[in-house]
Amino acid sequence: MNKNYYAILMAGGVGSRFWPVSTQDFPKQFHDMLGTGDTLIQKTFHRLADVIPKENILILTNERYNDLVLEQLPEVEQRQVVLEPAMRNTAPCILYASLKIQKENPDAVMIVAPSDHWIEDEATFSKNVKQAFEFCAKNDALMTLGIQPTFPNTGYGYIEYNKTAQNTIKQVNQFREKPDYNTAKAFIAQGNFLWNAGIFMWSVKSAVNAFKTNQPNLYSLFENGISDYNTSSESDFIKENYPKAENISVDYAIMEKSNNVFVIAAEFDWNDLGTWGSLYDKLDKNDSNNAVVNARTLTEDATGNMIRTKNDKIVVVDGLSDYIIVDKDEVLLIYPKAKEQDIKKTLKKVKDEFGEQYG
């Protein structure tokens, strides 16, 4: 494997739309959401390890999840777990990890990948990543993997690329915010729009330069710690300085401000597994069109449901369709799929009514 290949695996989110399975103490990336025998972070790590030396994969997460990472990824050493002492969105943690990588290997090219995405065709994923790495190693480029839209989704941002480009790698014209339905339809009709999957690739030099140019204050904050990175004094520097970082996404911080941004249209199926409904879409269905994880079910006049329990729990459902039914310890959720975007609000009400320990 190429020793210059690195990865930042993003594993700090809470995934509150997957409540009650995903909680602040045990978020979705550490669960086997698909019932495959592997948790989402394990699936992602092994997918990246097909391209990148295992020792070059950094796991970026909140400090409260350190033990979970080491437990679920026994191949990983403590030095590979990059801990955030505060939640500050994606730009600060990516810059921090990039400076660590640059200090170790200034010739590095890297991928930034979320830990909770579903990708079935892993061989094609590897092929697309290698294409991007080869381009980024030779060019000053910030790259992203875009997903070919299959319907006018209003839940994703979009990437508009140069329509005249004949190559697989296309220059990005602009990023577009999450659209309304009619705008999303117009994007798809134009034929040069992709979903923004939040998967980025670049040389470490290009990434650091982009932060230096576009986010001088953020860059200066983390540059002050270069002598501490990858040493025993790193933790003290980060604990003192990380909370001072601006709360800003990498999209806003550098991608939307740079003119050297390129995209590859991914050739693999992809799902961001952001909601119970998106999980339902990807799971096999039984004869009643219910998606079932772990449970044993007896259904009557019940279709289109997402059902998840502890192993082998018997669930009887009669006269209920298009619902999310999730049993987890002391919480049972029975919720219409059509309202799944409101689960975050419901979780807040549960915490207010019954206590923080339920979220």
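This is a predicted model: local features need pLDDT of at least 70, side-chain atom pairs count only at pLDDT 80 or more; totals for chains, interfaces and linings use all residues.
Angles under 35 degrees count as roughly parallel, over 145 as roughly antiparallel, 65 to 115 as roughly perpendicular, and the rest as oblique. Residues are numbered from 1 along each chain as its sequence is written, and side-chain values use heavy atoms, with hydrogens and water left out.

**Helix 3 and helix 6**
- Helix 3 (residues 90-104) packs against helix 6 (residues 204-214) at about 135 degrees, with the axes 10 Å apart; helices here are DSSP runs of H or I with at least four residues, and strands are E runs of at least two.
- The two helices are therefore oblique to each other.
- On the helix 3 side, A91, I94, L95, S98, L99, I101 and Q102 meet V204, K205, V208 and F211 of helix 6 (contact means heavy atoms within 4.5 Å).
- Sorted by type, the residues of this contact come out as 8 nonpolar, 2 polar and 1 charged.

**Strand 9 and its partners**
- Strand 9 (residues 261-265) has 4 of its 5 residues buried, so it is largely enclosed by the rest of the structure (buried means under 20% relative accessible area, with a 1.4 Å probe and protein chains only).
- Strand 5 (residues 142-147) runs parallel to strand 9, joined by 5 bridges; strands pair if DSSP finds at least two bridges between them.
- Strand 7 (residues 169-176) pairs with strand 9 in the antiparallel sense, over 3 bridges.
- I264 in strand 9 stands opposite L145, and I264 is also the bridge partner of I169.

Methods:
Axes are lines fitted to C-alpha atoms, for helices over the stretch in contact, and angles run from 0 to 180 degrees between N-to-C directions. Ala, Val, Leu, Ile, Met, Phe, Trp, Tyr, Cys and Pro count as nonpolar, Asp, Glu, Lys and Arg as charged, and the others, Gly among them, as polar. Buried means under 20% relative accessible area, exposed over 50%, partly exposed in between (1.4 Å probe, protein chains only).
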